[in-house]
Amino acid sequence: MSDAEPLDAVVIGAGFAGLYMVYRLREQGFSVHGFERADGVGGTWYWNRYPGARCDSEIMYYSFSFLPDLEQEWPLTERYPAQPEILRYLETVAGRLDLLKEFTFGTEVTAIEYDEPASLWTLRTAEGRIATARYVITAVGCLSTANRPLFPGSDAFAGVSLHTGDWPKEPVDFTGKRVAVVGTGSSGIQAIPEIAAQAEHLTVFQRTAQFTIPAENGPLNQEMVELWKANYPEWRRRARHSRAGFPYVPSINHAVDASEAERNKTYEAAWGSGGFTFLFGSFADIALDEAANKTAADFVRGKIDEIVRDPDTAGMLKPWDFPIGTKRLPLDTNYYETFNQPNVTLVDLKRTPIEEITATGIRTSACQHDLDMIVYATGYDALTGPLEALGIRGRGGLPLKDAWREGPRTYLGLAMPGFPNLFTITGPGSPSVLSNMPVSIEQHVEWIGDCLAAARESGADIIEATEAAASAWTDHVQEVASVTLHVKAASWYMGANIPGKPRLFLPYIGGVGPYRDHCAAVAASGYEGFTMSCLPAGAPP
Ligand code: NA7
């Protein structure tokens with residue numbers, strides 16, 4: 001790629017989304033180049049190398065569907081794929097499709113500005129490179145801008161500080177160390193048992209207790225794997241038309257109609273089989289009805305009492321602040337059990353908040369905890385953070401950050417008015433983080449590829465979402481969320497984990513299948529809600 005020649009498209013990111021988008025556009029005959037800040041492919045699975053990092057989607061659902069040969073060859077060994085395995089998978093995809101040469105790695109895009117007269121985007125990188133392109137497609141992930149809380153004295157700690165989402169490539173040894181984990185979301189809940197197995201002492205700093213369900217990870221029965229592989233196209237079809245991108249059969253029973261004995265039997269079976277089926281497969285009203293939700297929450301709180309021997313610790317671990325499932329439900333391996341280990345201490349930050357990070361550890365309102373290492377498992381500025389970090393300026397030089405001051409306004413989570421020819425894979429307002437990501441990514445990549453092909457065919461240079469379409473979609477996203485219990489939680493889905501971030505529901509909860517149908521109908525109608533136009537005669541080429 002020469003920096004001087006305008007490209008048809010630049011793609012930012014080399015995870016699942018960026019790899020497929022670059023491949024797709026190249027196959028469609030567009031000139032395309034990718035930029036990636038890491039020095040290799042993988043996206044989320046490049047950065048999240050913390051101990052215990054594993055996908056919560058079962059392995060047979062967590063891959064591309066457009067590579068039938070690889071689908072058959074790829075070994076399915078454990079129920080949930082671990083980080084190294086997913087990274088290897090994406091490296092294999094990049095190698096097979098000869099994609100590495102299409103990317104510049106180790107390059108962070110810091111500014112993307114729209115040149116209105118030419119309808120071209122100019123991209124600048126931290127390393128001083130400049131590229132221009134007709135289209136920009138962001139494939140930067142939803143959870144890639146780390147949330148690093150600013151505790152007083154944050155920089156003072158003389159030991160090792162790590163964030164789960166920015167983990168070093170070299171293995172980290174916790175042996176003989178006094179370690180803190182701050183944060184008990186999915187990342188903390190995966191890392192805590194692994195770190196506790198090595199560390200001399202682990203102190204877990206918990207702000208809000210979380211519900212977690214056993215993953216029940218383990219080796220897969222290879223006869224079942226063969227059967228699965230023989231029927232892949234049908235499983236993929238079901239996943240695409242499902243609620244969350246998994247071919248699970250959702251329950252149609254209501255918890256409020258069942259007897260206590262029936263409910264307990266159902267929850268016990270779901271707890272035993274592990275995974276998200278605890279929510280999807282048990283009762284249909286858990287996400288919608290407070291009384292139904294309480295039955296599932298009480299069941300998990302009962303399990304905590306059964307598992308955790310110290311009653312005070314069990315009390316601190318029991319969540320009461322939000323309905324179960326309304327914050328992202330973690331899946332765990334021996335999380336609650338870990339608190340029975342003599343080298344593990346739980347600190348409830350609601351009782352004794354962190355006052356300061358000191359040179360030697362963490363000081364809460366109760367005492368000083370002397371430490372060698374602090375692991376921040378404090379999450380991300382979800383969905384909007386990675387896009388706002390790109391320094392995007394649209395028509396009239398308007399920064400995306402300003403356009404989204406009141407919260408993100410998108411059409412279908414794919415495009416924004418005022419930012420022509422810019423597309424956001426799994427952007428806010430699409431199912432994204434509420435779904436099995438590869439399914440949603442494939443749908444977006446294919447939709448964007450088709451849209452660009454349609455513009456090329458019709459001779460259009462500029463594709464832009466209309467204000468009316470973006471307003472209507474943004475309202476619809478909130479309306480659908482408002483009938484669920486999700487809006488009752490102070491979650492990152494609501495932007496609540498980042499001080500000052502507008503509170504509104506960020507992903508689309510209407511379901512992967514209905515969303516897909518809606519996007520397909522928009523395309524079939526000739527891209528209703530978008531304008532497609534040509535540059536005026538005499539405009540710069
Ligand atoms: P999450 O789910 O956002 O969890 C972050 C955790 O860090 C959570 O327990 C937070 O408590 C805690 N946190 C955040 N800020 C602070 C401060 N300032 N003080 C103390 N504790 C804090 O991030 P994860 O990385 O675990 O998971 C992200 C997603 O990755 C996950 O959902 C999957 O989709 C994969 P809080 O609950 O906000 O009180």
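Reader: At what angle do helix H8 and helix H10 pack, and how far apart are their axes?

Author: This is a predicted model, in which local features need pLDDT of at least 70, side-chain atom pairs count only at pLDDT 80 or more, and totals for chains, interfaces and linings use all residues. Residues are numbered from 1 along each chain as its sequence is written. Helix H8 (residues 260–273) and helix H10 (residues 290–307) pack at about 60 degrees, and their axes are 11 Å apart. Helices here are DSSP runs of H or I with at least four residues, and strands are runs of E with at least two, numbered from the N terminus. Axes are lines fitted to C-alpha atoms over the stretch in contact, with angles from 0 to 180 degrees between N-to-C directions.

Reader: So what do we call H8 relative to H10?

Author: That angle makes H8 oblique to H10, given that under 35 degrees counts as roughly parallel, over 145 as roughly antiparallel, 65 to 115 as roughly perpendicular and the rest as oblique.

Reader: Which residues make the contact?

Author: H8 brings Arg-263, Asn-264, Tyr-267 and Trp-271, while H10 brings Thr-295, Ala-296, Phe-299 and Lys-303, where contact means that C-beta atoms, placed from the backbone, lie within 7 Å.

Reader: Okay, what about H1 and H15, at what angle do they pack?

Author: Helix H1 (residues 16–27) and helix H15 (residues 437–458) pack at about 30 degrees, with axes 9 Å apart. This makes H1 roughly parallel to H15. On the H1 side the contact includes Phe-16, Tyr-20 and Met-21, and on the H15 side it includes Met-437, Ile-441 and Val-445.

Reader: Which residues touch the most other members in the largest nonpolar core?

Author: They are Leu-19, Met-21 and Val-181, in a core of 156 residues. A nonpolar core is a set of buried Ala, Val, Leu, Ile, Met, Phe, Trp, Tyr and Cys residues joined through C-beta atoms within 7 Å. Leaving aside neighbours within four places in sequence, the contacts of Val-181 include Gly-188, Ile-192, Phe-205 and Val-375.

Reader: Switching topic, is Gln-206 buried or exposed?

Author: Gln-206 counts as buried because it has 20 C-beta neighbours inside 10 Å; buried means 20 or more other C-beta atoms within 10 Å, exposed means 12 or fewer, and partly exposed is in between. Gln-206 lies in strand S9 (residues 201–206).

Reader: And what does Gln-206 touch?

Author: Not counting residues up to four places away in sequence, Gln-206 touches Thr-184, Met-316, Leu-346, Val-347, Asp-348 and Leu-349.

How values were computed. Contact = placed C-beta atoms within 7 Å.
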